[in-house]
Amino acid sequence: MKPNNMLAAGVISLALAILLPLTVLGSSSAGVIAFVVLVLAALWAVYTIEKRRALLTSLIGVIAAIAYPLVFNSTEATTIMFFALLYVAIASSWNIIGGFTGYISLGHAAFFGLGAYTIALVADRLGLSGGYGLFAVALLGGVAAGLFAIPMGYIALRLRTIHSFVIVTIAFLFMYQLLAFNLQDATNGSSGLAVPQPDWSGAFFNIPFYFAALLLAVLTVGLAAWIRNSRFGLGLMAIRDDEDKAAGVGVDTWKHKFTAYVISAVPIGIAGAIYAYFSSYIYPQTVFDPMIDLTIVLSAFLGGMGTLLGPILGSLVLQPAQQLLTLYTGAAGWDLVLFGVLFLVVILLMPSGIVPTVVERMRRARVQEAVRKADALSQDAVPDAAAEGGQG
Amino acid sequence: MSALLEVRGVRKRFGGVEALAGCSFRVEEGSITSLIGPNGSGKTTLFNAVTGFATPDEGDVELRGEKIQQLSPDRIYAKGLGRTFQQVRVFPRLSVLENVLVATSHSSVAQGLRTRTGASERERAMEILEYVNIARLAGVPAGSLSFGQKKLLEIATILVGEPKLLLLDEPAGGVNPTMTQQIGDKIRELNARGITFLVVEHNMEFVMGISHRVVVMARGKVIAEGPPDVVRRDPAVLEAYLGA
Ligand SMILES: Nc1ncnc2c1ncn2[C@@H]1O[C@H](COP(=O)(O)OP(=O)(O)OP(=O)(O)O)[C@@H](O)[C@H]1O
Ligand SMILES: [Mg+2]
């Protein structure tokens, strides 16, 4: 089978495996819709990888996303895609430090929560009422996340190992959750905080949120693409591959990592604020939630860490699945089971994620050919046991 | 001739091991200087101390009279001092071309965010890949190169930063005779173009063939130095090697 057919087959059967039982389970058309979305997303991904027409296919993707709520206007359908797009933004942003740089943060939910509490507190203290203006306040959630990320990044990246980074980021998340529970005067503790209700409602309710999430997703993916193609981004990827060597060829590793960390906090802060506005009530345990980090990592991992497409594809697969599960089973917790199974499947079958696995397969043949030719020329016959190259 | 690099009384201790025990020597500008010594004599540790990967406990490292021992590796690289590693190291998931591009300029983060990995640099990087005969592999992930090709890529990567002084840690280690010859030729050529070399190498034929000066280390100290044929006959050197 040709590799691009393989990707299509892989993604579609994965989608089938997740979603078919759900569509049978549910009575609404949302499952079918989500399934169609997934297949389209998969085909789109295949086309992008194969033809390398990223800009054109992205444009088609965006147009499809704009058309989506006009075609599928049920509350379920728009809710599902609202979360999918929100996570496209979140996972793509996380990918800047986690994927490009290789520093796996398990505490980026801290920024989600900071954004959520920012919009709730600002609206409360300034006595704002619901309306489109609150989306502008959501931007403050991003500002707050970025500001908090400065001292956090300074601490988390001080010790120069990835292990300590992971631990410190988790610790931060729980620290914020504890603070949100205990700073009663500001946060109202475990009773949570209300965010003003929007002044629109009914069938239209989801639409502004949907487009806010879409805009955030487009801007964040654009940001990630910009960084990936920049000299700064090349420095990040060099750090991921070999941090010492990167320093040895002039990359200021500390500033690179720190900047990547702070940048990656901002869109997630905005996402948290949009989420808070959407759900109109927040609690410490729902916005400073470790599940958010698991979801991010799994999405990025599923699609392929460090690729632009990976977190997008991963989120478009995982979010509909998760939302549908919650929608149809009505019980919390099933999504955790799904996550566990998915993690296992991906680790066993495609340890580097969907996109890199396929790209790698496609490249390997060509590469080996080129290496052989050059080798013959340079008469370098020493075999290399480590020719596989790194991945992760 | 003046000293491009001067190492003065450098000490570095790892727990109970004194890897560098007051090491001093000079590398003259324009020379090819070799650093030899038995296994564990501190050669790699000295490279680390000179290039910012290990801060000396004591002593000075001077590049053209400027103390650099407190600087970070990226700063030292920016001052024109490039190195390779004993264990060959490339960026495995980056393409061969990208490996070289990483090292092209040492821009600030703010600049780096605004700059795409640009066309002019690409040209220069390709020239250098051409020079070490791996240009046709430009688009290939560096991780899939053969051992020898990785060694060439490592040299290409530091060359692009236009270094004044190159520190090579066992450039001929583990490569076949043809490639060893090739690497030796490149070193001589580059030296003729004005690059100074400090080379750690166990292959004595190679060392004697390319060096202007040889510095011999044992137990963290310099025990002999001079022109190759003088050092070769030095009884202290023979003893260090046989008694090690
Ligand atoms: N990071 C480290 N931690 C502890 N001990 C170290 C470290 N680096 C080097 N050493 C010790 O310092 C001494 C010098 O090691 P070094 O690697 O500098 O020797 P070398 O001359 O490069 O040897 P070789 O020819 O085998 O490469 C050795 O005893 C080594 O075990
Ligand atoms: Mg060594």
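Is A:Arg125 buried or exposed? A:Arg125 is exposed, since its relative accessible area is 54%, and the cut-off for that class is over 50%. The model described here is predicted.

**Salt bridges**

- Over all chains, a search of the whole structure finds 24 salt bridges.
- One of them joins the side chains of A:Arg125 and A:Asp124, with 3.4 Å from N to O.
- While A:Arg125 is exposed, A:Asp124 has a relative accessibility of 46% and therefore counts as partly exposed.
- Another salt bridge is formed by A:Lys245 and B:Glu154, whose closest N and O atoms are 3.8 Å apart.
- This pair crosses between chains: A:Lys245 belongs to helix α11 (residues 243–248) of chain A, and B:Glu154 belongs to helix α6 (residues 147–159) of chain B.
- Both partners, A:Lys245 and B:Glu154, are buried.

- B:Asp60 is buried because its relative accessible area is 18%, and the limit for buried residues is under 20%.
- B:Arg8, by contrast, has a relative accessible area of 36% and is partly exposed.
- Through shared partners, salt bridges join B:Glu6, B:Arg8, B:Arg26, B:Glu28, B:Asp60, B:Glu62 and B:Lys67 into one network.

**The magnesium site**

- Which protein donors does the magnesium ion (ligand 2) have? They are B:Thr44, through OG1, and B:Gln86, through OE1, and they lie 1.9 to 2.1 Å from the ion.
- B:Thr44 is in helix α1 (residues 43–50) of chain B, whereas B:Gln86 is in the loop between β6 (81–83) and α3 (96–102) of chain B, so the pair ties together parts that are 42 residues apart in sequence.
- B:Thr44 is partly exposed, with 26% relative accessibility.
- B:Gln86 is partly exposed as well, and its relative accessible area is 34%.

**The sheet in chain B**

- Six strands of chain B make an open sheet with mixed pairing, in the order β6-β7-β8-β3-β9-β10.
- The edges are formed by β6 and β10 (221–226) of chain B; each has a single partner strand, so one side of each is left without a neighbour in the sheet.
- From one strand to the next, the twist averages 20°.
- Within the sheet, strand β3 (residues 32–36) and strand β8 (residues 196–200) of chain B run parallel and are joined by four bridges.
- B:Ile32 has B:Phe197 in β8(B) as its bridge partner.
- In general, the strands of a sheet pair through backbone hydrogen bonds, either parallel or antiparallel.

**A nonpolar surface patch in chain A**

- A nonpolar patch on the surface is formed by A:Trp334, A:Val337, A:Val341, A:Leu344, A:Val345, A:Ile347, A:Leu348 and A:Leu349.
- Together these residues have about 810 Å² of accessible area.
- One of them, A:Val337, is found in helix α16 (residues 334–349) of chain A.
- A:Val337 is partly exposed, with a relative accessible area of 45%; residues qualify for a patch at over 30% if they have no salt bridge.

Methods:
Residues numbered from 1 in each chain as written. Chains lettered and ligands numbered in written order. Predicted model: local features only at pLDDT ≥ 70, side-chain atom pairs only at ≥ 80, totals over all residues. Heavy atoms only, no water. Patch = residues over 30% accessible without salt bridge, like charges linked within 9 Å, V, L, I, M, F, W, Y side chains within 5 Å. Areas by Shrake-Rupley, 256 points an atom, 1.4 Å probe, with all protein chains shown as cover. Salt bridge = Lys/Arg side-chain N within 4 Å of Asp/Glu carboxyl O. Helix = DSSP H or I, 4+ residues; strand = E, 2+ residues; numbered from the N terminus. Buried < 20%, exposed > 50% of the residue type's maximum accessible area, 1.4 Å probe, protein only. Donors = N, O, S within 2.8 Å, 3.2 Å for Na, K, Ca; no water. Pairing = 2+ DSSP bridges. Axes fitted to C-alpha atoms, helices over the stretch in contact; angles between N-to-C directions.
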